[in-house]
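Here's a quick briefing to read alongside the model.

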2 protein chains.
Amino acid sequence: MRIVDIRELTVPLKGNIANAVVNFSAHTVSLVAVVTDQVRDGLPVVGLGFNSIGRFAQSGILRERLIPRLLETPPEQLLDEVAEAFNPQAVVAAAMRNEKPGGHGDRASAVAALELAVWDANAKLREEPAWQNIRRAASLTAAVESEPALSGSDVEVYAAGGYYYPGDSLSRLRDELKAYQQLGYASFKIKIGGASLTEDMQRVAAAVDIAGAGHRVAVDANGRFDLATAMDYGRALQELNVRWYEEPGDPLDFELNRALIEVYQAPVATGENLFSCIDTLNLLRFGGMRPGIDVIQVDPGLSYGLVEYMRLLQQLESAGYSRAQCFPHGGHLINLHVVLGLGLAGCEAYPGVFQPFGGYSPQCRLADARIAASAAPGFGLVEKPELLPYIYAVAPELERNGARL
Amino acid sequence: MRIVDIRELTVPLKGNIANAVVNFSAHTVSLVAVVTDQVRDGLPVVGLGFNSIGRFAQSGILRERLIPRLLETPPEQLLDEVAEAFNPQAVVAAAMRNEKPGGHGDRASAVAALELAVWDANAKLREEPAWQNIRRAASLTAAVESEPALSGSDVEVYAAGGYYYPGDSLSRLRDELKAYQQLGYASFKIKIGGASLTEDMQRVAAAVDIAGAGHRVAVDANGRFDLATAMDYGRALQELNVRWYEEPGDPLDFELNRALIEVYQAPVATGENLFSCIDTLNLLRFGGMRPGIDVIQVDPGLSYGLVEYMRLLQQLESAGYSRAQCFPHGGHLINLHVVLGLGLAGCEAYPGVFQPFGGYSPQCRLADARIAASAAPGFGLVEKPELLPYIYAVAPELERNGARL
């Protein structure tokens, strides 16, 4: 069994929305296809992955560094012991040959796209959904009976959005959240930091009003605030019972995070812009984060993939944190399977935006603020109609007699 | 005045040498040309820069993200107030449009190559060496009279090397260091961590013996050690009076650095694999580094360029550190001008290796363990014969009537 080809395609994100810092319409994603020599159900097994959303495609690093190193590696070195699956850890080690320590940024997301495609291939080899494959790899199968978070094939999902609109922002914000409720969502995350504190608190109060009792509204500053502003917002938010206060300052400003948490009692969430175990370990060591309270949002699709993420979970658990504190950034099919497979707290969704990658396939059932994976093998990316043209572009061997899935 | 074109070229590093972690023969560098509409001495002013050495070229990030953003920016936004020079800070801001916080890795070195080319262009516009231009920009000109480190056009340089050789490693190590002495070097840096502790200490003792009295030998573990090994080496090195103990552990493992420094009294050096101010600030906050003792090796050519480096110097000085603790990683012409311009402690050189970028031009005088810049405008890269073919490839307009410089 071997990898016969690895391809990558840069796909632009659709939608002209902005958070407090960036405009996403310029952002791109790398879709990666790991083509194997195996066949299932009459089609070659092709692992598909992508580097989450919200940053950029990595075609340079993939083409110039990672893919050549992998294709030069003797195929047997990339297999597990019984040669029935690819070994994601060995794949990462081969892709990272001659890379230096430190500098976890673009490289981390390039590796992630490749590594996640290997997880997709492994699940397709066994003809099972990726979450089942991940659960077995994480040795969590035995825990399924005893651990409620692991017992079903659905997980909590909240709707992220709460954008700024020109004009009557407050009334359009209410409409936006009500539309999410119609879709089946019960909890929300809205932007802060793009308006004055007073205006932002009106927005938060409006959102809390619509969501109803029970900490159903989180707020996201997207790393925008300095310490004084983060504190001002923290004091104001304290009154409003938000679910969590996300990325108040620069993601690497652990001292700011620690100082804020000394004052702000409710949960703080961060980690979506930390791209390695060592960066996250520094957050735990120096950032004042609290086991059982704060939320860790590291996104495996931007930070070296699932093997690194499982290592991170070990770090978290040995520091007293639990999986129930982990909401990975990035609302899409891959993270649905990761959350299900590893028994994490839940998923986010950005209804309607970040296409073609954002959101779930029509086969994924959304009900009572929970999202269920379908039975498709792997991450089920071919079930997502918006993605299919790009999948056929990067892996034309998946077209069955011209009759598209 | 405006930028009319920006080009980049991936150049492989020559030489099959290895440190404790990576083999450099697979490494590449991005040579960037910022072509302006200005003419000096009958030739267009073309700023040339590169992203230091020891990691990889960044053609993907340059071509797909940074260069298009710069070329889309209204030219007047990239000029200083009097429109006599380009504004490197404005160039970085434009190149970083829509980039998110965090993830300082490959992107930081792509930005650096571009930003340094702008500094080269600015010095060429004034027809002066880059170090003079940098000194003026840093408002250090007035300090020249009073500050000995700023008074000349030469700086301390040490020879880095001390590689592992197959076979009689110790005798070849002695020969290598003696050859550096013949060239005019008096201090050295050698590798550790690629052999047993006992063998490494024999190597260090041999190097100290050749170098003579006065802390003339530094050692470099290239981020390889875990805490226990770093401590074992620290205790053994303590006896040997080395100049500094470089990158004992993972560059982001600030806790390891702090724990080591509690035990190891002599100077520790690190920072070459930190690529932003915030990462270095975390080193200062949490890594146990000591003003007046330890060495900071952040390399502007890998970490967003000179504007970010000047910001870092401010951080360092307000935390009680001095410029005399700064030896930027990367022995090449750009860092010679940076060290001279900013009054830093000194340079490293890797005699004969990392070509075509490593080392200085024949016009740079090496004597008594000090290296002097030439009078060439900018960084003087065209004076380096090994680089010239690549410069002509990326900026053919610099060829004068076919008669090469």
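Chain A comes to 12 helices and 12 strands. Keep in mind that this is a predicted model.

**Overall fold of chain A**

- The radius of gyration of chain A is 21 Å, which agrees with the value near 22 Å that a compact globule of 405 residues would have.
- Laid along its principal axes, the C-alpha trace of chain A spans about 60 × 45 × 45 Å.
- Of the 405 residues in chain A, 55% are buried.
- Take the contacts in chain A between residues at least 6 apart in sequence: 71% of them join residues at least 24 apart.

**Where the chains touch**

- Chain B puts 35 residues into the contact, and chain A puts in 35 residues too.
- On the chain B side, α1 (59–72), α3 (106–125), α8 (254–263) and α9 (277–286) each supply at least two residues.
- The top contributor on that side is α9(B), with five residues.
- Sorted by class, the side of chain B that touches chain A has 13 nonpolar, 12 polar and 10 charged residues.

**How the copies are related**

- In general, a rotation about an axis plus a shift along it relates two copies of a chain.
- Here, a rotation of 180 degrees with 0.0 Å of shift along the axis superposes chain B on chain A, at an RMSD of 0.0 Å.
- That is the relation of a two-fold axis.
- Which C-alpha of chain B is nearest the axis? That of G60(B), 2.0 Å from the axis.
- Both copies use the same surface: 100% of the contact residues of chain B recur in chain A.

- Strand β2 (residues 28–40) of chain B pairs with β3(B) in the antiparallel sense, over seven bridges.
- Within this pairing, V39(B) stands opposite P44(B) of β3(B).
- Two residues lie between the strands of the hairpin, and D41(B) takes a positive phi near 50 degrees there.
- Why call β3(B) largely enclosed by the rest of the structure? Because six of the eight residues of this strand (residues 43–50) are buried, and buried means that 20 or more other C-beta atoms lie within 10 Å of a residue's own.

Methods. Residues numbered from 1 in each chain as written. Chains lettered and ligands numbered in written order. Predicted model: local features only at pLDDT ≥ 70, side-chain atom pairs only at ≥ 80, totals over all residues. Helix = DSSP H or I, 4+ residues; strand = E, 2+ residues; numbered from the N terminus. Rg over C-alpha atoms; globule rule 2.2 N^0.38 Å. Buried ≥ 20, exposed ≤ 12 C-beta atoms within 10 Å, placed from the backbone. Contact = placed C-beta atoms within 7 Å. Nonpolar A, V, L, I, M, F, W, Y, C, P; charged D, E, K, R; others polar. Least-squares fit on C-alpha atoms with pLDDT ≥ 70 in both. Pairing = 2+ DSSP bridges.
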